[in-house]
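Trainee: I am new to this structure and would like to learn how to read it. Could we go through a sheet and a pocket together?

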Amino acid sequence: MSVNESIIKNKVSDRRTNFKNELGEKEYSNLLRKQSRRRKSSSFEDSEVQVVTCPSCGSTEFFLDTIRSEKSCKKCGLVVEENIIDSTFRGTARDKDGNFHGQNGAPKNMAIHDGGLSTTFDVNKGHLNDKARWYRLRRLNNQARVSDPHSRNLARAFTELGVIISNLSLSKDVRYESVNIYRNALDEDLIRGRSISKILVATVYIACRLCKVPRTLDEVEKATGINQKTIGKNYRFLARELGIKLTPISPNDYIPRFASRLGLSSQVEVRSIEIINQARDLGVTSGKDPASVAAATLYGTSMLFGERKTQTEIAKTLGVTEVTIRNRFKELNSKLDFI
């Protein structure tokens, strides 16, 4: 160490000691702790994310689809990760400088009947003699939260909605969209005289189509136990009464999920999308079930790239009959001759 560096180091040490004496031991330790948290926060934000390469094309650029809860390659479209859990910590917040901003509670959540802004009572705190009083207060508070029929309806409906969303592996965006549809239907008095469960399933089906993550009626029936005919009648009723415009489902929306289920490569997925686009331009897919068109396209494209899947395997995995797959495949191949 040079003489100049030694002098500078001694001056810094003397200033730090004087500052510590002026500020006080306790305040100085709190300041150091705050600076440490700030350095950790900034180092975490500035640190590079671990480089992950695409197993198909080797690209390092990925696209995170928060609606589908999927991470896919930007170059080849391979779905690298699906059903991603949202681990974002939202109870507290920090600004760019790392300063802590405390909140009194969680943000407003419309998926809870009262928005999640109600008071909760912790009966385990305080003196034992007060526990009976806190139990009574909590019971009275819970009764007040669902005191009117509107609140009771929402409380029951949103509890069932969480189970449906979980069974279908849907994202929170679909859940919030379904919540908005159900609240609008309740405000328009469309639920009266109808089953809450059946209306809920219809709202989930509509939300899936609005968020471009469609589920087939067969998938919804297996997950909820509601008949397909009932689901179709209720979702058309809600769409008509609430003025919801549902665009036709594209077979391309099914391709990534179906290809992932069948274990097909990204090149099969990309080629299938190209074939469907060509068939749509020729009007071949008009009036056909999108799921059956997607299944037939994947069946033909898998043979084209040497990743053949039997019709029985595709039918069992995707819920489409073998006869439908054969008919759609013959129609597509006769027009496009891709095999």
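Mentor: Gladly! Let's start with a term: two strands count as paired if DSSP finds at least two bridges between them. Keep in mind that this is a predicted model.

Trainee: How many bridges join β1 to β2?

Mentor: In general, strands of a sheet pair through backbone hydrogen bonds, either parallel or antiparallel. Here β1 (residues 62-65) and β2 (residues 70-73) run antiparallel, with 4 bridges between them. You can follow the partners yourself: L64 is bridged to K71 in β2, and F62 has C73 as its partner there.

Trainee: What do β1 and β2 form, and which residue in the turn has a positive phi?

Mentor: The two make a hairpin, with 4 residues between the strands. In that turn, look for S69, whose phi is positive at about 60°.

Trainee: What is the order of the strands in the sheet?

Mentor: The order is β1-β2-β3, in an open sheet of 3 strands with antiparallel pairing. At the edges are β1 and β3 (79-82), each of which pairs on one side only. From one strand to the next, the twist averages 15°.

Trainee: Now the pocket, please. How much space lies in the second largest pocket?

Mentor: Rolling a probe the size of a water molecule over the atoms shows where empty space is left. For the second largest pocket, that space is about 440 Å³. It is lined by 27 residues, and L168, R215, E219, R257 and R261 are the closest to its centre.

Notes
Residues are numbered from 1 along each chain as its sequence is written. This is a predicted model: local features need pLDDT of at least 70, side-chain atom pairs count only at pLDDT 80 or more; totals for chains, interfaces and linings use all residues. Side-chain values use heavy atoms; hydrogens and water are left out. Axes are lines fitted to C-alpha atoms, for helices over the stretch in contact, and angles run from 0 to 180 degrees between N-to-C directions. On a 1 Å grid over the protein atoms alone, a cavity is a set of points where a 1.4 Å probe fits but cannot get out, and a pocket is an open set with protein on both sides within 12 Å along at least five of seven lines; lining residues have an atom within 4 Å of a point. Grid points are joined across faces, edges and corners, and a volume is the space filled by probe spheres set on the points.
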